[in-house]
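Colleague: I have not seen this one before. Could you walk me through it?

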Amino acid sequence: MFNFLYKAIIHGTSCTIRGKAHQNLYTLETHEALLVRCISISSTSNSNQHSFTLSYLIKSCGFSLEAAVSASKYVNFENPDKADLVVSFFKKHGYSQSQISKIITGHPPVLVSDPHKTLLPKLLFFQSKGFTSSDIATVLCGQPQILKRSLKNHIIPSFDFLTNWLGTVQNSSIAIKRCPAILITKLDTCVVHNVNLLRENGVPESNIRALLKQNPRVIVSYRLKEILEKVKEIGFNPLKFRFVHAVYAMVGVNKSKWERKIKAYKRWGLSEEEILLAFRTSPHCILASEDKITRIMDFLVNKMGLEASLIVKRPELVSNSLEKRLIPRASVIEVLLSKGLVVKKNIYFPTIFQSSEKSFLQKFVTPYREEVSDLLKLYKEKLDLSKMTTKQNMYRSRSGMK
C-alpha cells in the first residue's frame, strides 16, 4: 500500500481528503455534567468497574476528578493488575509521573494493554531508528494515540513512506519529532493530497521536501488549500522558499487569531498594508502572541523612542526575546551613551538587537571594560533577571495565576 503512496506522490496522483481534523476525544466535562454522570454511573451494572477506575486514575495516576471521569468513558477495569503493569513499565523506562499521566490522558485504553506485546515493540522500533529514550517520551506525550496504531500495519509503513520521500531515516526521525501527529495521519488521504496541492501551486520539489522535514505540521493540515490561496493573495511567490515559511506561519494561525494579531499591530498606528508588508518580509512575525506583540511594540516605541513603522522594515524584531535580548542590550547601550562612550548617530538598534551574542559582547562590552568596569556585570544581571522572570511566568502559567 505504501509503495503505491510513494509512487502517487512521485507521479503526482491526486487523492481526496476524507474526514476532518483529528480532534481530542478526551475533553473535560463541566462540573454540572460530572455530577449527572457520576449519578448515572452508580446506577449501572458496571458501577463497580467505574468506581474502581475513577479511584485508580485519581490515586495512582494523579488525575483530577474531571479528567478521571472523562478518561473512564474509554477504559474500565475492576482490579489494578494490568494498569499497574503499564504504569510500572513506563516508570521502568524512565517516564515521569506527569509524562505517564499525559499518555494515559491522551489514550486511556493504554492502561489495559499488554506492555510487552504492544508497548515494548514500539519503543524498540523507535530506538532502532535512532530515537533516544527522551525523544520517544516526547513523541508519545505529544501524540499518545501513536500507541493505538498497529506497529506492523501503520507505524512501520508510515516511517518507511517518510523515509522514501525524505531520503534518509534521520530526516524521517526529525520530521516525526517535530510533528508526532504525522504517525497517526492517514497518509493516503492527507499527505499525498497536500503534497500534490503544493505541486499544483508551483512549489518546487526541493522546497516541499524541506517543508515536510522542517515543518511537517503543514503537510497534515486540513486547511492547506485555503492557506495556499491566502498566501498567494498576500503576494508570496511559490517559487521562493519564503512562500513555504508563510504557509507554515499561516498553519499555526487560524482566522480568528490572525485577525486579533492584525489588530494588535494596528493599535500602534500601523495600516493593514504595512502589517502585510512586514509579514511578507518575515512571516514569523505573525506567530508572536498578542501579548508579546504588545510588549515588544511598547518597549520599542515608549521605552526606546523608536517609530512604530520600524517593525515594518525589521519585523524579525518581534521574534526576539524582550527579557533575554532587547532589554539587556538596550541597558548596555544606554550606559555607553550616558557616558559619552558611543555616539547616538552611530547606534542602530535593530542591528544591535539582531547581532550574535559574541558580536555584541566584542563590540559593546569588552572594549569598554576599563571605562565602565561593571558593564559586563550589568549585562549579566539583566540576563539573570530575565531568567528569573521567565521562571516566574512559567510558574504562574502552570498554577493558573495572573
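Modeller: Start with S172, which touches F159, L162, T163 and L166, leaving out residues up to four places away in sequence. Touching, or contact, means heavy atoms within 4.5 Å. This is a predicted model, where local features need pLDDT of at least 70, side-chain atom pairs count only at pLDDT 80 or more, and totals for chains, interfaces and linings use all residues. Residues are numbered from 1 along each chain as its sequence is written, and side-chain values use heavy atoms, with hydrogens and water left out.

Colleague: Where does S172 lie, and is it buried or exposed?

Modeller: S172 lies in helix 10, residues 169-178. S172 is buried, with a relative accessible area of 0%. Buried means under 20% relative accessible area, exposed over 50%, and partly exposed in between, with a 1.4 Å probe and protein chains only. Helices (H or I, at least four residues) and strands (E, at least two) are DSSP runs, numbered from the N terminus.

Colleague: Which side chain makes a polar contact with S172?

Modeller: That of T163, at 2.9 Å. A polar contact is a pair of N or O atoms within 3.5 Å; within protein, one must be able to donate a hydrogen and the other to accept it, and residues adjacent in sequence count only if both atoms are side-chain atoms.

Colleague: You also listed L166. What does L166 touch?

Modeller: Beyond residues up to four places away in sequence, L166 touches N171, S172, A175, R209, L212 and K213. L166 is in helix 9 and counts as buried at 11% relative accessibility. L166 and R209 are 43 residues apart in sequence, but their C-alpha atoms are 6.2 Å apart in space.

Colleague: Back to helix 10. At what angle do helix 10 and helix 12 pack?

Modeller: About 55°, with the axes 7 Å apart; helix 12 is residues 205-214. Axes are lines fitted to C-alpha atoms, for helices over the stretch in contact, and angles run from 0 to 180 degrees between N-to-C directions. Helix 10 and helix 12 are therefore oblique to each other. Angles under 35 degrees count as roughly parallel, over 145 as roughly antiparallel, 65 to 115 as roughly perpendicular and the rest as oblique. N171, I174, A175 and R178 of helix 10 meet L212, K213 and Q214 of helix 12.

Colleague: New topic: how do the axes of helix 7 and helix 9 cross?

Modeller: They cross at roughly 15° and come within 12 Å, so helix 7 and helix 9 are roughly parallel to each other. P121, K122, F125 and F126 of helix 7 make the contact with L151, I155, I156 and F159 of helix 9.

Colleague: Which residues of helix 7 are buried?

Modeller: P115, L119, K122, L123, F125 and F126. Their cover includes helix 5 (81-92), helix 8 (133-142) and helix 9 (151-166).

Colleague: And what caps the N-terminal end of helix 7?

Modeller: D114, with a side-chain oxygen 3.1 Å from the backbone nitrogen of H116. After helix 7 comes G130, which has a positive phi near 95°.

Colleague: How many residues of helix 11 are buried?

Modeller: Nine of the 10 residues (helix 11 is residues 191-200), so helix 11 is largely enclosed by the rest of the structure. Among the buried ones are H193, N194, N196 and R199.

Colleague: Last one: how many helices and strands does the protein have?

Modeller: It has 22 helices and zero strands. Of its 402 residues, 45% count as buried.
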